[in-house]
Amino acid sequence: MTAEVWMGYLVDHQPDFTVVQSPFVLEQSRVFGADSDATTLTVAGLLHRLNHEPISSLGVPEGIDADTLAAACNVHVQGEEDEGDPHWDVLLSDEATVVIVRQGAEVELSHFDVEIAVDPEFHTAMEAAWQQELNAAHVSQGAYVSKSQYEEAAKSRLTLEGQHGAKGVVWPPRYSSGQGDDEVKRHLLSPSGTVQSWTTLSAAGAPSEFALRAPLLGGISTVMLELHDGPKGVFLTVDDEEPTLDFGLSMELVLRRIYAQEGFVRYGLKARTIQD
Amino acid sequence: MSIRWYEMLRGDALAMVDVAVVGAGQTKYGNHPLGLKGMWAEAAAKAFSSVDGDFQPSLIDEAFIGSLAFGGSQLGNTAALLTEHSDLDGISVRRVENACASSGFAFRDAWMAIKSGQADVVVAGGIEKMNDLTPERRRYWLGVSGDTEWERLAGLTFPGTYALMARRYFHEFDSSHDDLVHVSVKNHLHGSTNPLAHIQKEVSFEKAASGFMVADPLTLYDCCPTSDGASCVVLAADHVAKSLTDTPVWVRGSGAASDHLALHDRPSITQLKATQQAANRAYGMAGVSAGQIDVAEVHDCFTIAEVLATEDLGFAMRGEGGQFAREGRGVLNQGQTTVNCSGGLKAKGHPLGATGTGQVVEVFKQLRGDVEHTRQVRDAEVGLTHNVGGSGATCAVHVFGRDRA
């Protein structure tokens, strides 16, 4: 079937389920892109589903970062303390595919006709690098962002939650209103903006937390975007696309893996050209 | 006009206390064979021996030492560790940290200590040992002074941050990478005759234009080296300074400011508001304008930083910093203001915490006519130092004069 491309993934939206699949193929099997995993696919699928209807509770299997999911999508992820079944479940397939399904509904897996072949050598090396990073004993010499620091800012990092300030919308939010009162008015920014500047750091000059993967990628690229709601931000570009950057180019922000340290993946928003 | 804090504390009469630099010294920058203690001892000894009169370290009331404590080997009580190697036992000491502007602010703190009347003779210095680390550890420490949580997770190091500024600058103004190459060539030229510089070698335009790409559009020749080094200056109240030297260099103005830590939080990324504010305050206090500065040591951690600084400090109009570099207006004795006659951070080197007071060492010597004649600024009467922390979150600017006012 012809797929809808959404946040760099293939999506099939049905009344009782949403299928999200990686567009990348290796030896006739779907594989994750260079900075994607089951969590990033699930977030994309949930955000797509949430455009159509609310999701009150969600059950997620092992292998998906429930905290990131909850922060990025503002959904309640069912925990052990919750009674009863969740209204929606996430199902994982072996082949870089995720299904978000209404409780009790039957799923007919979609077969998309979009396939992007990946280089086997690159894919193997990238997988090995992620595995090495994800080892709990792996501590890079990168600037340290602790788990609690990451989680404290997860909402503003993953959903672009900002606040109204004296001079307009401020992102990320501050611990003061900037308006001389105690009330902080939150504002969710639209996940898209235009390029103000960009750079590509050579592999040798990339921050050391990217040291394992930057050589495979030929360096890492960062863009400064002016978000459509006003504030600016800096974001990595997605790993599996090579956009031709220019001033004023419109880009969207999608959830991807940033890096892993101490067995814990730091997720964040990365920029990709709106080209679907 | 607002009342200065020290006028409120001490009254108008004591507000007349002037502060002079009476001694200054530094190590050679580069791969220094000594560690923290040895480098500090060397810089302090040079500073103390440069004082003309009968000077003993026992005269010193306070010491402020700037350092990022790169490498983390002596993060706590750094100043106390160092000063016992320079005969400063028992006095009040502390480390001052504002990233690359650490000793610019240490100098300001020393100046304020004398202005307040609490001290008569104060040491300001800075130090960094950077080359004893593995490349991986070095990259960690080079990235800790940005907004780590947001900029680092976006893959940015400081070369990357300044690369964003450079590309935007080229887009907004009539400028290209060639202008940055001119900055690099000039500073290498100046550094080639500075025996204390890390890199004492000229570089051709062609070579500087084709360097290894570090962070597009910045190449290796746009980036300062990673240097070890220490610097130390002795400041004195006017009533003491007269007994120590016949040729004091007066601190005529001190200004400092801060800005958002993260580059993306600033309305413009092609100007540093902290520099503009610090400079305006320093100029105002000194009663001089940018056009009266003969010699300026500006913070060129990357070549684009010098282009922006020439505008923010008022040596060039907004958007004309590239042209300033292209026309060679900062080259030794070629224009109104010689910029980075020491070689700047680009060639003299950038031992982070040592840079600010290292700039003061150069201006002190220039205004006294004490540098090698090959890089002496002619008839230098008024000098300026400009020390920036990170990508512009903090900045200290000082104006110096051979004359008191």
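User: How many residues of chain A are in contact with residues of chain B, and what makes two residues count as being in contact?

Analyst: In this predicted model, 31 residues of chain A are in contact with 29 residues of chain B, where contact means that the C-beta atoms, placed from the backbone, lie within 7 Å. Local features need pLDDT of at least 70 and side-chain atom pairs count only at pLDDT 80 or more, while totals for chains, interfaces and linings use all residues. Residues are numbered from 1 along each chain as its sequence is written, and chains are lettered from A and ligands numbered from 1 in the order in which they are written.

User: Which strands of chain A give two or more residues to the side that touches chain B, and what classes do the residues of that side belong to?

Analyst: The elements are strand 13 (192-201), strand 14 (220-227), strand 15 (232-236) and strand 17 (264-273) of chain A, strands being DSSP runs of E with at least two residues and helices runs of H or I with at least four, numbered from the N terminus. Strand 13 of chain A gives the largest share, six residues. By class, this side of chain A has 16 nonpolar, 13 polar and two charged residues, with Ala, Val, Leu, Ile, Met, Phe, Trp, Tyr, Cys and Pro counted as nonpolar, Asp, Glu, Lys and Arg as charged, and the others, Gly among them, as polar.

User: What makes strand 1 and strand 6 of chain A edge strands?

Analyst: They belong to an open sheet of six strands with the order 1-2-3-8-7-6 and mixed pairing, and two strands pair if DSSP finds at least two bridges between them. Strand 1 (4-6) and strand 6 (58-59) of chain A each have a single partner strand, so one side of each is left without a neighbour in the sheet. Strand 6 of chain A pairs with strand 7 (residues 88-92) of chain A in the parallel sense over two bridges, and A:Leu58 stands opposite A:Trp88 there.

User: Why are helix 5 and helix 16 of chain B called roughly perpendicular?

Analyst: The axes of helix 5 (residues 102-115) and helix 16 of chain B come within 5 Å and cross at roughly 65°, the axes being lines fitted to C-alpha atoms, for helices over the stretch in contact, with angles from 0 to 180 degrees between N-to-C directions. Angles under 35 degrees count as roughly parallel, over 145 as roughly antiparallel, 65 to 115 as roughly perpendicular and the rest as oblique, and the two helices of chain B are therefore roughly perpendicular to each other. Among the residues that meet are B:Ser102 and B:Phe107 in helix 5 of chain B, and B:Thr355 and B:Val360 in helix 16 of chain B. This contact has three nonpolar, six polar and no charged residues.

User: How do you know that strand 11 and strand 12 of chain B pair?

Analyst: Strand 11 (residues 382-389) and strand 12 (residues 394-401) of chain B share eight bridges, in the antiparallel sense, and B:Val382 stands opposite B:Gly401 in strand 12 of chain B.
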